[in-house]
Amino acid sequence: MGSVMSEIECPNCGFEYATEDYYYKSSEVYIFCRRCGYTESEFISNRDDLINGKTKSPRYKQEKTGGHGCYCYRTKGAVAFALGPVKKGLIQELSKHIKKMDKCNYTYKWQGKWFIKDLLTGKKMLFALESQVK
Ligand SMILES: [Zn+2]
């Protein structure tokens with residue numbers, strides 16, 4: 001299955017570097033914003049019925065979540081970062097495992113501006129894309 005990834009303006013917060021992943025064979029779309037954590041997806045919800053031959057018509061479902069902040073962490077020794085929308089209780093859960101991480105931060109909006117807080121140092125600063133995963 002092929003897809004085209006591109007940068008788009010986030011439909012939630014207006015950040016210019018949200019990621020859109022468009023699967024051109026199935027017309028499924030996934031959007032993720034690393035500033036506000038907004039996710040939007042339109043995907044085939046009856047894939048099993050299509051595979052089993054029960055139907056020939058894909059049924060699409062749309063979901064939207066997040067938009068209040070984005071977490072980013074990397075476990076010590078790992079190459080990849082984990083990113084996702086901030087949910088209730090998540091920051092407290094990440095804080096419990098902070099000694100296993102060499103990078104851990106999250107974004108939040110305050111008085112109309114986006115900030116990023118580093119959980120390792122406690123420092124807060126204005127959000128910049130490069131400050132999240134450096
Ligand atoms: Zn956004």
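Let me start with a definition: a residue counts as buried if 20 or more other C-beta atoms lie within 10 Å of its own, as exposed if 12 or fewer do, and as partly exposed in between, with C-beta atoms placed from the backbone. By that rule, buried residues make up 18% of the 134 residues in the chain.

Some ground rules. This is a predicted model, where local features need pLDDT of at least 70, side-chain atom pairs count only at pLDDT 80 or more, and totals for chains, interfaces and linings use all residues. Residues are numbered from 1 along each chain as its sequence is written.

Now the overall picture. Along the principal axes, the C-alpha atoms fill a box of roughly 55 × 30 × 25 Å. The chain has three helices and 10 strands. Both are DSSP runs numbered from the N terminus: helices are H or I with at least four residues, strands are E with at least two. From the N terminus, the order of elements is β-β-β-β-α-β-β-β-α-β-β-β-α.

Next, contacts. Two residues are in contact if their C-beta atoms, placed from the backbone, lie within 7 Å. Take the contacts between residues at least 6 apart in sequence: 36% of them join residues at least 24 apart.

On to the sheet. Strands pair if DSSP finds at least two bridges between them. Five strands form an open sheet, in the order 1-2-3-4-5, with antiparallel pairing. Which strands sit at the edges? Strand 1 (4-8) and strand 5 (60-65), and each pairs on one side only. Neighbouring strands are turned by 20 degrees against each other on average, direction ignored. Those axes are lines fitted to C-alpha atoms, for helices over the stretch in contact, and angles run from 0 to 180 degrees between N-to-C directions.

Let's walk across. Strand 1 and strand 2 pair in the antiparallel sense over five bridges. Here Ser6 stands opposite Glu20 in strand 2. Glu20 also has a bridge partner in strand 3, namely Ile31.

Strand 2 (residues 18-23) pairs with strand 3 (residues 28-32), antiparallel, over five bridges. The two make a hairpin with four residues between them. In the turn, Ser27 has a positive phi of about 65 degrees.

Then strand 3 and strand 4 (residues 39-44): antiparallel again, over four bridges. Tyr30 has Ser41 as its bridge partner in strand 4. This hairpin has six residues between its strands, and Gly37 in the turn has a positive phi of about 80 degrees.

One reminder for viewing: in a regular strand the side chains alternate between the two faces of the sheet.
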